[in-house]
Structures are given as structure tokens and as C-alpha cells.
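Reader: I am new to this structure. Please show it to me, and then let us go through it step by step.

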Amino acid sequence: MAFHEQEGRAALQNERLLDDFFDRWSDILDAVDAAGQIKCSTDFARRLPEQGINVLLVGETGAGKSMLVKVVTGDESILTSATQAETSEDKRYSSPCRIHWIDTPGCDSSAGHICRKLRCPDALP
């Protein structure tokens, strides 16, 4: 394993990795709340630090979505293949730093409903 992979995996294991980001996020939401001309609720956005960040991986079958998750999380149980689709449904993997990786089936597979939904929001029943 290359040094930069080890360093990246170690960072994702740090539960405090995103603290500075979330602190700045809170400052921005405070500014939105203080601005009288902006009429919107920040309640949902304020829950982001406790819920974490979702990273949705979308692409063709064989593009390397599962391999990316396997490499960044170090989860050797994730099935990958260079010759066939291994992901048949959405799968979520979480890092201690509150980044959640959502691995999806390939867009060109029969299970690739995320891609169809992104192209045509009314495509799913």
C-alpha cells in the first residue's frame, strides 16, 4: 500500500476530521439566520454535523466505484471485480469521520435505478 493511501485512510479514521468544516458551516448558518432579508429555515442544515456527509458514487458498471470505497475505507469485505458487476443494490459504508459512502450499481445495469432517476426524476415508480 502506498504511503498516501495509508495517510488518507488514517485521516478518515479521525472522528474530528470534519470539525473545522462543520464549525464554519455553523458560522454560515448563523449569518443566514441573522440576515433579515433571507427567509428560510436552517434547521435541516444544522443537523448535518450529527448526520454526516453522504458521498453518492454513480457511474457505469466497472468504473471502480466499489474499488474506491474499498481503498478509502480499507474494508476488505467489499467485493470488487474487473470483469463483472458486484454491486446489485445501493450499499452504504461509513467512516468514523462521518463520511458515508453510498456505492450504487452501475448505470448500465438493470439495478442502476439511481442513474435513471438522475436522468429522469419521474422514472422510478
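Author: A definition comes before the details. A salt bridge is a side-chain nitrogen of Lys or Arg within 4 Å of a carboxyl oxygen of Asp or Glu. The model is predicted: local features need pLDDT of at least 70, side-chain atom pairs count only at pLDDT 80 or more, and totals for chains, interfaces and linings use all residues. Residues are numbered from 1 along each chain as its sequence is written, and side-chain values use heavy atoms, with hydrogens and water left out.

Reader: How many salt bridges does a search of the whole structure find?

Author: The search covers the whole structure. One of the bridges joins aspartate 33 to arginine 46. The total is 4.

Reader: How far apart are the closest N and O atoms of aspartate 33 and arginine 46?

Author: Helices (H or I, at least four residues) and strands (E, at least two) are DSSP runs, numbered from the N terminus. Aspartate 33 lies in helix 2 and arginine 46 in helix 3, so their bridge ties together parts 13 residues apart in sequence. The closest N and O atoms are separated by 2.6 Å.

Reader: Which arginine forms a salt bridge with aspartate 30?

Author: The closest N and O atoms of this pair are 2.9 Å apart. Aspartate 30 lies in helix 2 and its partner in helix 3 (residues 43-46), so the bridge ties together parts 16 residues apart in sequence. The partner is arginine 46.

Reader: Is arginine 46 buried or partly exposed?

Author: Buried means under 20% relative accessible area, exposed over 50%, and partly exposed in between (1.4 Å probe, protein chains only). Arginine 46 has a relative accessible area of 29%. Arginine 46 is therefore partly exposed.

Reader: Which residue meets arginine 98 in a salt bridge at 2.8 Å, N to O?

Author: Arginine 98 sits in the loop between strand 2 (91-94) and strand 3, and the partner sits in helix 2 (residues 19-34), 79 residues apart. Both residues are buried. The partner is aspartate 19.

Reader: What kind of aromatic pair do phenylalanine 21 and tryptophan 25 form?

Author: Rings of Phe, Tyr and Trp (its six-membered ring) pair if their centres lie within 6.5 Å; planes under 30 degrees apart count as stacked, over 60 as edge-to-face and the rest as tilted. Phenylalanine 21 and tryptophan 25 are 4 residues apart in helix 2, about one helical turn. Their rings are 6.1 Å centre to centre, with 25° between the planes. The pair is stacked.

Reader: What is the angle between the planes of phenylalanine 21 and phenylalanine 22?

Author: Phenylalanine 22 is buried, at 4% relative accessible area, and phenylalanine 21 is partly exposed, at 39%. Their pair is edge-to-face, 5.3 Å centre to centre. The angle between the planes is 65°.

Reader: How many residues make up the largest nonpolar core?

Author: A nonpolar core is a set of buried Ala, Val, Leu, Ile, Met, Phe, Trp, Tyr and Cys residues joined through side-chain atoms within 4.5 Å. Members of the largest include Leu18, Phe22, Val69 and Trp101. Helix 5 and strand 3 (99-103) each supply at least two residues of this core. The core has 11 residues.
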